[in-house]
Amino acid sequence: MNERIKEIREVLKLSQEEFGKRIGITRAAISNIEKGIRNPSEQTIKFICKEYKINQNWLKKWNWRNVF
């Protein structure tokens with residue numbers, strides 16, 4: 001998921017600061033998420049999906065194997 005967040009940001013051509021500001025978190029927090037140092041909270045995931053119109057299942061790499 002961390003890599004997908006970075007991918008979203010890069011496709012949108014946003015800096016970490018710009019990306020984070022739109023969802024209410026700092027550049028440092030985005031950096032830590034992208035590096036895998038920290039995982040995004042459920043709230044952050046919801047904000048990313050809402051603000052950037054991202055499918056939450058895609059972001060979380062959801063698949064049927066996760067269900068069973």
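Is glutamate 42 buried or partly exposed? In this predicted model, glutamate 42 is partly exposed, its relative accessible area being 45%. Its side chain meets that of lysine 60 in a salt bridge, with 3.0 Å from N to O. Because glutamate 42 belongs to helix H4 while lysine 60 sits in the segment after helix H5 (56-59), this pair ties together parts that are 18 residues apart in sequence. Lysine 60 is likewise partly exposed, at a relative accessible area of 32%.

Side chains of opposite charge can pair when their charged atoms come close. The structure holds 3 salt bridges in total, and the pair of glutamate 42 and lysine 60 is one of them.

Helix H4 (residues 42-52) also carries glutamate 51, whose side chain forms a salt bridge with that of arginine 22 at 3.0 Å, N to O.

The remaining pair joins arginine 9 to glutamate 34, and here the closest N and O atoms are 2.5 Å apart. Buried means under 20% relative accessible area. Arginine 9, at 10% relative accessibility, therefore counts as buried, and glutamate 34, at 12%, counts as buried too.

Terms used: Residues are numbered from 1 along each chain as its sequence is written. This is a predicted model: local features need pLDDT of at least 70, side-chain atom pairs count only at pLDDT 80 or more; totals for chains, interfaces and linings use all residues. Side-chain values use heavy atoms; hydrogens and water are left out. A salt bridge is a side-chain nitrogen of Lys or Arg within 4 Å of a carboxyl oxygen of Asp or Glu. Buried means under 20% relative accessible area, exposed over 50%, partly exposed in between (1.4 Å probe, protein chains only). Helices (H or I, at least four residues) and strands (E, at least two) are DSSP runs, numbered from the N terminus.
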